[in-house]
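Try each task before reading its solution.

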Amino acid sequence: MSTAVATPSPPHSRRPRIPAFIAADRGGQVGLVFLVLIVFVALFGPFIAPHSPNVPIGIPGQGSIGGSPLGLDQLGRDVLSRALSGGRTALALGALATVATYLVGVMLGLLAGYARNTALDGITMRTVDIFISLPAILVMLVLVTALGGSSWVLVLGAAVVLFPGVTRIVRTAAAETATRGYVEAAVARGEKRGAILRREILPNIMAPIIADLGVRFSWSIILIASVNFLGLGLSPPASDWGLMISENRSVIPTNPWAVVAPALALVLLILGVNLLGDAYVRHLGRSSSR
Amino acid sequence: MRRIAAGLGTLLALSVLVFAATNVLPGNAAELTLGRNATPPALHKLEHRLGFDHSIAHRYGSWLGGLLHGDLGNSAVAVAQNAPEPSIAHAISTPLKNSAVLALITTLLLIPLTLLLGAFAGIHARKKVDHMISTPALVFAALPEFVTATLLIVVFFGWLGALPPVSLVAPGTSPLSNVEVLVLPVLTLLLASLAAGIRQVRSGVIEVLQEDYVHVAQLNGLRGRTLLWGYVLRNALAPSVQIVAQTIQYLVGGIIVVESVFSYPGIGTYLVQAVTERDVTAVQSTVILLAAVYILINLLADLLVVFLVPKLRTELS
């Protein structure tokens, strides 16, 4: 990427700098705290967990006891330890699905936008319309029926649900950018289509692409967690927050923490992602109105 | 007319996609239904009874033909179990009614609540009341339904012991005969869907409040309720129709997870059960049926908006 200009960082900066759009925004600050907390749990939770997440240590559904502040789940396993190790699947699968969403969505959007008002554009966008006309959870259920409930199917499902939105946004932005002088100059220089899309158009439409990254990421987390909750995704004994909530509904009367702990973890994760995304959108709004 | 054609076209394309996804990819329905350990003769027999020994194109044709006649086909699992009444239409008639009850009650509560809370937030924009309405609404809208539902169960069943954690409805009775089973599912759907409408009504009210004719009315001495109902709400209402329609459309998907959380005997629970059992024929017919409802609501909303907002009518023609 020849046009990407790396901003030189000061050589003696001791701590990583927080981007302005977070530092200057109350919602962004809260979101960052939530997300850092959850990422920390996902990365290091399994190492600080007091017990093994998969070994029963006492009476199923028992409330808080010594060494087990959040009590035990429906099989007698330590809720705290399971909650601490349940973040990886939510974060990793959500992130993978988001990456896949953007890979497909950006590529199709660029192609359709650059070829605006041609057959390629028309066919791509009509296909996208069809994918959008089915409720998200139905798409997930059809794919699970067809392919079974593995991690890859969850990632694929979330990407299939979410790529049309990205394609639409990228197509609109790319079609607009494609009429600019510098793109026409590149066409006149005889540059290849791939090079034009990558070097001339893509860098100039990054803002609208990043703007709803947060929304898509939180949506993939929600979709995957929902399918896990329905018992159609990851299978036990996986410690996944969505799966934990559904497993432990039977012990709500004796130990509500068994569902409250994973639920709160999901709440923090989703709100954190959304708050950061909103802060970025507000930042874009401010800088464009200046 | 063009919109109706587009809707039908989308539905047709969806039927191809859904059929292809559930039929072409792995193995076949008979195998999935009977499990891996099925004996070849049993498999063969079931395949024949389900019509799976025909070509894919032939099967798609007869499925689509059936759909057009209102025949949803037979459930593969029910046929495999030699159930006396294997037709999908028979199996889903009660769940569909139950789901309709749930969706209808939610919508009936949703519309006045949206208008009330949205107007309230709009009039007191950026004040404490506004934040007290808007912030929780946005938080609940961001959360997955099953998280909201589970937290509601913890509070209303676990702590207060006031409401049942599952919404069981005895076969042959209506969910309306035991209203308390409906409270938590409806509450979950409301919490998940209120925010979008509230935001829309709120910004509509804020916009109208800045119009000249409202200022003139204020200067003429109109105050409080008259001003609000006569001038502000009426003009903020039209754009809200679409958001209400979008919310109802949301319900088609949202109801699936919410029903499953509460084991409410509706179409969502039926579908999830069918997916769990890998009942391919039941899944494909139910999905297409729900997709048709979804597209139909979309279409009706478009027409209703055009009907209610005269400006759009002239712009279109």
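**Exercise 1.** At what angle do helix 5 of chain A and helix 7 of chain A pack, and how far apart are their axes?

*Solution.* A word on conventions: this is a predicted model, where local features need pLDDT of at least 70, side-chain atom pairs count only at pLDDT 80 or more, and totals for chains, interfaces and linings use all residues. Residues are numbered from 1 along each chain, chains are lettered from A, and side-chain values use heavy atoms.

Step 1: helices are DSSP runs of H or I with at least four residues, numbered from the N terminus. Helix 5 covers residues 119-132 of chain A, and helix 7 covers residues 151-177 of chain A.

Step 2: with axes fitted to C-alpha atoms over the stretch in contact and angles running from 0 to 180 degrees between N-to-C directions, the angle is about 140° and the axes lie 9 Å apart.

Step 3: angles under 35 degrees count as roughly parallel, over 145 as roughly antiparallel, 65 to 115 as roughly perpendicular and the rest as oblique, so helix 5 and helix 7 of chain A are oblique to each other.

**Exercise 2.** How large is the area buried between chain B and chain A?

*Solution.* Step 1: 41 residues of chain B contact 36 residues of chain A (heavy atoms within 4.5 Å).

Step 1: the buried area (accessible area lost, 1.4 Å probe, summed over both parts) is about 3200 Å², with 85% from carbon and sulfur atoms.

Step 2: in chain B, F146(B), V275(B) and R278(B) lose the most area to chain A, together 16% of what that side buries.

How values were computed: Helix = DSSP H or I, 4+ residues; strand = E, 2+ residues; numbered from the N terminus. Buried area = accessible area lost by both parts, 1.4 Å probe.
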